[in-house]
Amino acid sequence: MSEPLTTAAIACAVLAAILLVWFLVRRPSLTRATKIVLLFAIGLLPIGTALTGNYAGYEATKQRRFCGSCHVMTPYADDSSDLRSTSLAARHGRNKMFGDENCYVCHANYGMYGTVKTKLGGLRHVYEYIFNYRNVSLAEARATIHIRDAFQSSTCMQCHSTLNPGWNAVPDHWSTLDRLRAGTLSCASSGCHGPAHPFSKDDTKAVQR
Amino acid sequence: MNTWLRVAAVLTLVALGLMVWSVLVPTPLPVMLAMTVGQAIGTAALAIYGWIVYRDVARKKRDGAP
């Protein structure tokens, strides 16, 4: 959570609350001064709280602990946080740049409307959880929850560009380069670098695309 | 008029409470409540305030007109 934004949101809210309580308790007449006080108390300060609070909330929804706060995602979040785990998700969860947001970084949509699509998808997750998954066991959730669309290798390519000579020196990489870039082969396929969450997969089957 | 301003003040306090809750407890329910119900209540309070101020200014203009 962004500390400056959180502090700003709370500071604006506290100041507004003080002015509002003053107005409710003292019942001043509607003079120009009172109007200006109320402009701050009902307008400017709450807008400041909303702006900073919304942004802090937006950033908080990208954190792994936010995703893991629904019980069906607990195994995934726990695996990502496990320093002993060697799963793809766990290794990326240890990245200093985005490790705390590894769920979002890997599963977010990108492009011009990527953020909007991701947040709309998040609303769908909340709907599904409230109406279908709130009371299911972890075992049932693990068997029934699947990624909606095939995992795109373009997500991996944001960092692993496939352009480095060292990367292309690996035979399995240069031999599948066209398919990777076309999106017909996933970096996270079983037998390659995945699956990212092996505990949720049947080891006898490759990830279907 | 002051009654409506008091209503606006109370609504603002409710909205602020929801927003601060979402900031302190960033889990799905508080965040969603703050960004939907909180925003709606806060906007309603601001609209009430704006309407009251507009009516007050209009009344003073009318009373001051020759």
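His197(A) counts as buried in this predicted model, because its relative accessibility is 15%, which falls under the 20% limit used for that class. This histidine belongs to the segment that follows helix H12 (177-182) of chain A, and, once its neighbours within four places in sequence are set aside, the residues in contact with His197(A) are Tyr76(A), Ala89(A) and His107(A).

Another residue of chain A, Tyr110(A), sits in the loop between helix H6 (102-107) and H7 of chain A. Tyr110(A) is classed as partly exposed because its relative accessible area is 39%, a value that lies between the limits of 20% for buried and 50% for exposed. Apart from neighbours within four places in sequence, Tyr110(A) is in contact with Tyr104(A), Val105(A), Thr155(A) and Gln158(A). Its C-alpha atom is separated by 24 Å from that of Ser87(A), a residue 23 places away along the chain.

Two loop residues of chain A deserve a look for their backbone angles. Arg27(A), in the loop between H1 and H2 of chain A, has a positive phi of about 50 degrees although it is not a glycine, and Thr162(A), in the loop between helix H9 (153-156) and helix H10 (165-168) of chain A, is likewise not a glycine but has a positive phi of about 70 degrees.

In soluble globular proteins, nonpolar side chains tend to be buried together. In this model the largest nonpolar core has 20 residues, and those with the most contacts inside it are Leu20(A), Leu38(A) and Ile42(A) from one chain, together with Leu5(B) and Tyr49(B) from the other. At least two residues of this core come from each of H1 and H2 of chain A, and likewise from each of helix H1 (2-24) and helix H2 (28-64) of chain B; H1(A) gives the most, with 6 residues. Leu5(B) illustrates how the chains come together here, for when residues up to four places away in sequence are not counted, Leu5(B) touches Phe23(A), Leu30(A) and Leu38(A) as well as Tyr49(B) and Ile52(B). Another core, of 10 residues, lies apart from the largest one, and among its members are Trp167(A), Leu177(A), Leu180(A) and Ala188(A).

The interface as a whole brings 35 residues of chain A into contact with 29 residues of chain B. The size of an interface is often given as the accessible area lost when the parts come together. For chain A and chain B, the area buried between them is about 2600 Å², with 78% of it on carbon and sulfur atoms. The polar side of the pairing comprises 5 residue pairs in polar contact, both residues being at pLDDT 80 or more, and the count of salt bridges between the chains is 1. That salt bridge joins the side chains of Lys35(A) and Asp56(B), at 2.5 Å from N to O. On the side of chain A that touches chain B, the elements giving two or more residues are helix H1 (3-26), helix H2 (32-60), helix H3 (64-67) and helix H7 (114-133), with the largest share, 15 residues, coming from H2(A). By residue class, this side of chain A divides into 24 nonpolar, 8 polar and 3 charged residues.

Note on methods. Residues numbered from 1 in each chain as written. Chains lettered and ligands numbered in written order. Heavy atoms only, no water. Contact = heavy atoms within 4.5 Å. Buried area = accessible area lost by both parts, 1.4 Å probe. Salt bridge = Lys/Arg side-chain N within 4 Å of Asp/Glu carboxyl O. Polar contact = N/O pair within 3.5 Å; in protein donor to acceptor, adjacent residues only side chain to side chain. Helix = DSSP H or I, 4+ residues; strand = E, 2+ residues; numbered from the N terminus. Nonpolar A, V, L, I, M, F, W, Y, C, P; charged D, E, K, R; others polar. Core = buried A, V, L, I, M, F, W, Y, C linked by side-chain atoms within 4.5 Å. Buried < 20%, exposed > 50% of the residue type's maximum accessible area, 1.4 Å probe, protein only.
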